[in-house]
Amino acid sequence: MKTAATFSDKVDFALYFTIGVSVILLIAITFFMVRFVIKYHRSKNPVATQQDGNVKLEIIWTVVPTILVLIMFYVGYIGYTPLRDFPENAMKVKVTGRMWSWTFEYENGAAYDTLKVPVNTPVVLEMSSQDVVHSLYIPAFRVKEDVNPGRTNKMWFNATMIDTFDIFCAEYCGLLHSSMITKLVVLPQSEFDSWLAANAPAAGGVDPVLDAARFVKAKGCVACHSTDGSRLVGSSFAGLFGSTKTVLVDGKPQQITVDEAYIRESVLKPNDKVVEGFASGLMPSYEGQLTEEELAKIVLYIQSLK
């Protein structure tokens with residue numbers, strides 16, 4: 001049976017072997033427990049008798065479990081080793097986790113909220129978090145790695161079939177943890193190359209609003225701000241630009257008009273003027289993380305939804 005990634009079968013074998021040994025031991029131990037209860041029941045042995053030790057039996061129940069544990073360790077070891085043996089010629093993708101979305105940035109500068117990779121190509125994910133601990137989990141590939149703030153963890157895989165797979169966050173990371181879901185799309189090499197070139201920052205001919213929409217989505221803004229007026233963690237982008245909002249400044253309500261200056265301030269210093277009715281402290285500051293061009297894209301996208 002063909003697996004979705006090159007070493008998935010080794011991980012599966014380690015799991016099935018461990019489960020198989022555990023089931024056999026459970027059945028054997030339960031059998032002997034029941035047998036001894038019946039054999040040594042008080043009705044059959046009204047007078048207790050002394051049972052001498054059995055050296056042969058003690059050797060067996062010491063040596064056999066030890067051998068089984070060593071075998072299980074070896075099977076697990078050969079399944080784990082490939083996961084940490086990073087290929088030198090692998091394609092590298094920078095992964096950023098945040099509450100509650102993923103961003104995948106390629107070596108040519110292209111960034112997207114969906115991970116797209118070519119088939120039969122080793123891919124190394126270099127992962128870090130902007131806020132709390134996340135965990136990137138691709139069940140079909142049998143790979144999972146914590147994504148921590150302040151450090152970079154690595155994970156790699158080699159997709160062997162063209163298909164679409166789920167990506168989850170496997171570490172509880174707050175209010176919308178269950179919504180931190182995206183896709184891994186495996187493409188033919190030629191199709192991937194075309195997609196990657198078209199999404200590079202230097203690619204010309206891209207509609208500015210469409211480009212801004214892609215950027216906002218890739219940065220995970222729509223994980224907390226809807227585009228259809230529905231309420232999420234933050235204010236909806238729909239109809240936001242030019243509207244009048246009541247914000248809290250040092251705990252005091254204040255009327256403001258949502259313009260370019262306010263949007264920029266909200267991105268760089270999100271907790272200075274929080275819209276009334278929404279919690280403070282949930283959105284991280286992007287100060288020092290975005291260029292003026294990127295801030296302009298966010299403003300343009302919100303303007304387009306007026």
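**Cavity, pocket and helix packing in the predicted model**

Three elements, α5 (260-268), β13 (274-275) and α6 (292-304), each contribute at least two residues to the lining of the largest cavity. The model described here is predicted. Among the contributing elements, α5 gives the most to this lining, with four residues.

A search of the whole structure finds one cavity of 30 Å³ or more. The space in the largest cavity amounts to about 620 Å³. Its lining consists of 33 residues, and the closest of these to the centre of the cavity are His225, Gly234, Ser266, Pro270 and Met283. By class, the lining of the largest cavity comprises 22 nonpolar residues, eight polar residues and three charged residues.

In general, a pair of packed helices is described by two quantities, the angle between the axes and the distance between them. The crossing in which α5 passes α6 is right-handed.

On the α5 side, the contact is made by Glu260, Ile263, Arg264, Val267 and Leu268. These residues meet Glu292, Leu295, Ala296, Ile298, Val299 and Ile302 of α6. The residues of this contact divide into eight nonpolar and three charged, with no polar residue.

An open site was examined next. The largest pocket has a volume of about 520 Å³. It is lined by 21 residues, of which Gly109, Pro201, Asp211, Phe215 and Lys297 are the closest to its centre. At least two residues of the pocket lining come from each of β3 (111-112), α4 (208-218) and α6. The element that gives the most to the lining of the pocket is α4, with four residues. Asp211 and Phe215 lie within the range of α4. The pocket lining contains ten nonpolar, four polar and seven charged residues.

Notes: Residues numbered from 1 in each chain as written. Predicted model: local features only at pLDDT ≥ 70, side-chain atom pairs only at ≥ 80, totals over all residues. Heavy atoms only, no water. 1 Å grid on protein atoms, 1.4 Å probe; cavity = no way out; pocket = protein on both sides within 12 Å on 5 of 7 lines; lining within 4 Å. Points joined across faces, edges and corners; volume = space filled by probe spheres on them. Nonpolar A, V, L, I, M, F, W, Y, C, P; charged D, E, K, R; others polar. Left-handed = near helix turned anticlockwise from the far one by under 90°. Contact = heavy atoms within 4.5 Å.
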